[in-house]
Amino acid sequence: MPRRTRIIVPNIALHIIQRGNNRQACFFSEEDYAIYLDKLREASEKYQVSIHAFVLMTNHVHLLVTPNNEMGVARMMQAVGRYYVRYVNTIYQRSGTLWEGRYKSTLVDDEYYFLTVSRYIELNPVRAGMVDHPAEYPWSSYQANGLGKEIRLVTYHHVYEGLGDNKKSRQKKYRALFNTIIPECTLGEIRTATNKAWALGGTKFKQEIEQA
């Protein structure tokens with residue numbers, strides 16, 4: 001079966017998922033999470049990809065990003081992936097692959113879906129039963145988006161910045177979004193779009209992507 005073609009459009013947000021091989025763990029200690037984030041920051045800066053939301057789970061990674069060019073995301077993911085695999089294999093005296101083949105991605109409609117996908121990403125630890133609230137999980141962008149912690153990796157998207165006139169008001173309104181449950185149908189829509197590399201958005205957005 002041929003691989004699905006990844007669609008990358010500069011300046012359009014992208015939801016990325018990369019899973020551990022056979023869904024096995026890819027993070028084993030706090031240092032592992034920190035090193036991955038540090039290398040992700042370096043690669044995102046080098047290849048001009050803005051990171052708006054992220055979560056590092058035990059066996060997979062979610063990112064919400066905006067690339068400045070068509071090749072930035074691929075180069076960023078390749079650079080981080082290669083470094084991190086070498087690191088894990090060396091530290092834990094293992095060999096072979098760590099990731100489950102290619103990462104998956106879908107374009108995200110800013111107007112209707114950006115904040116929903118951001119919440120979807122940061123709520124992963126809650127859905128997994130690891131914490132009761134995203135604020136309790138240290139390895140996600142909620143620490144920046146919802147609590148105001150300075151994370152150099154995070155670049156605030158214009159949709160997020162539109163929530164308020166200053167940092168505190170934006171954080172307050174962002175936190176309030178988590179008082180509403182994401183409907184199951186929306187969760188399914190996000191998962192299907194990402195797994196099948198479909199554009200996630202309204203009819204107009206999808207038509208614009210097809211034309212692009």
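**Figure 1. The largest cavity of this predicted model**. The largest cavity has a volume of about 50 Å³, where a volume is the space filled by probe spheres set on grid points that are joined across faces, edges and corners. The cavity itself is a set of points, on a 1 Å grid over the protein atoms alone, where a 1.4 Å probe fits but cannot get out. By this rule, the count comes to 1 cavity of 30 Å³ or more. Who lines the largest cavity? The list is His-52, Phe-114, Leu-115, Ser-118, Asn-145, Val-154, Thr-155, Tyr-156, His-157, Tyr-160 and Tyr-174, lining residues being those with an atom within 4 Å of a point. Helix α3 supplies the largest share of that lining, with 3 residues. Sorted by class, the lining has 6 nonpolar, 5 polar and no charged residues. Here Ala, Val, Leu, Ile, Met, Phe, Trp, Tyr, Cys and Pro count as nonpolar, Asp, Glu, Lys and Arg as charged, and the others, Gly among them, as polar.

A quick word on the model: it is predicted, local features need pLDDT of at least 70, side-chain atom pairs count only at pLDDT 80 or more, and totals for chains, interfaces and linings use all residues. Residues are numbered from 1 along each chain as its sequence is written, and side-chain values use heavy atoms, with hydrogens and water left out.

**Figure 2. Thr-155, one of the residues lining the largest cavity**. Thr-155 sits in the loop between α5 (142-145) and α6 (158-161); helices (H or I, at least four residues) and strands (E, at least two) are DSSP runs, numbered from the N terminus. With a relative accessible area of 35%, Thr-155 is partly exposed, on a scale where buried means under 20%, exposed over 50%, and partly exposed in between (1.4 Å probe, protein chains only). Look for Ser-50 here: Thr-155 and Ser-50 are 105 residues apart in sequence, but their C-alpha atoms are 5.8 Å apart in space. Leaving aside neighbours within four places in sequence, Thr-155 is in contact (heavy atoms within 4.5 Å) with Ser-50, Ile-51 and His-52.

**Figure 3. The buried side of helix α7**. In α7 (residues 167-177), the buried residues are Arg-170, Gln-171 and Tyr-174. Seen down the axis of α7, they fall within an arc of 95 degrees, so they line one face of the helix; the arc is that of the directions from the helix axis to the C-beta atoms. Turned away from the buried side, Lys-168 and Lys-172 are exposed. The packing partners of the buried residues of α7 are α3, α5 and α6.

**Figure 4. Helix α8 and the residue that follows**. Helix α8 (residues 184-196) has 13 residues and reaches 18 Å from its first C-alpha to its last, close to the 18 Å expected at 1.5 Å a residue. The expected span of a helix is 1.5 Å times one less than its number of residues. Thr-186, Leu-187, Ile-190, Ala-193 and Thr-194 are buried in α8. They cover an arc of only 135 degrees around the axis, which puts them on the same side of α8. On the other side, Glu-184 and Cys-185 are exposed. Cover for the buried residues of α8 includes β1 (14-19), β4 (104-107), α3 (110-122) and α4 (124-127). Next comes Ala-197, in the loop between α8 and α9 (203-211), with a positive phi near 60 degrees in a residue other than glycine.

**Figure 5. Helix α2, seen around Met-76**. Buried residues of α2 pack against β1, α1 (30-46), β2 (49-56) and β3 (60-67). One of these buried residues is Met-76, at 0% relative accessibility. Not counting residues up to four places away in sequence, Met-76 touches Leu-40, Ala-43, Ser-44, Tyr-47, Val-49, Ile-51 and Leu-63. Lys-46 lies 30 residues from Met-76 in sequence and 8.0 Å away in space, C-alpha to C-alpha. After α2 comes Gln-93, whose phi is positive, near 50 degrees.

**Figure 6. Gln-18 in strand β1**. Is Gln-18 buried or exposed? Gln-18 is buried, with a relative accessible area of 7%. Beyond its neighbours within four places in sequence, Gln-18 is in contact with Tyr-36, His-60, Val-61, Met-77, Trp-99, Gly-101 and Tyr-103.

Conventions:
On a 1 Å grid over the protein atoms alone, a cavity is a set of points where a 1.4 Å probe fits but cannot get out, and a pocket is an open set with protein on both sides within 12 Å along at least five of seven lines; lining residues have an atom within 4 Å of a point.
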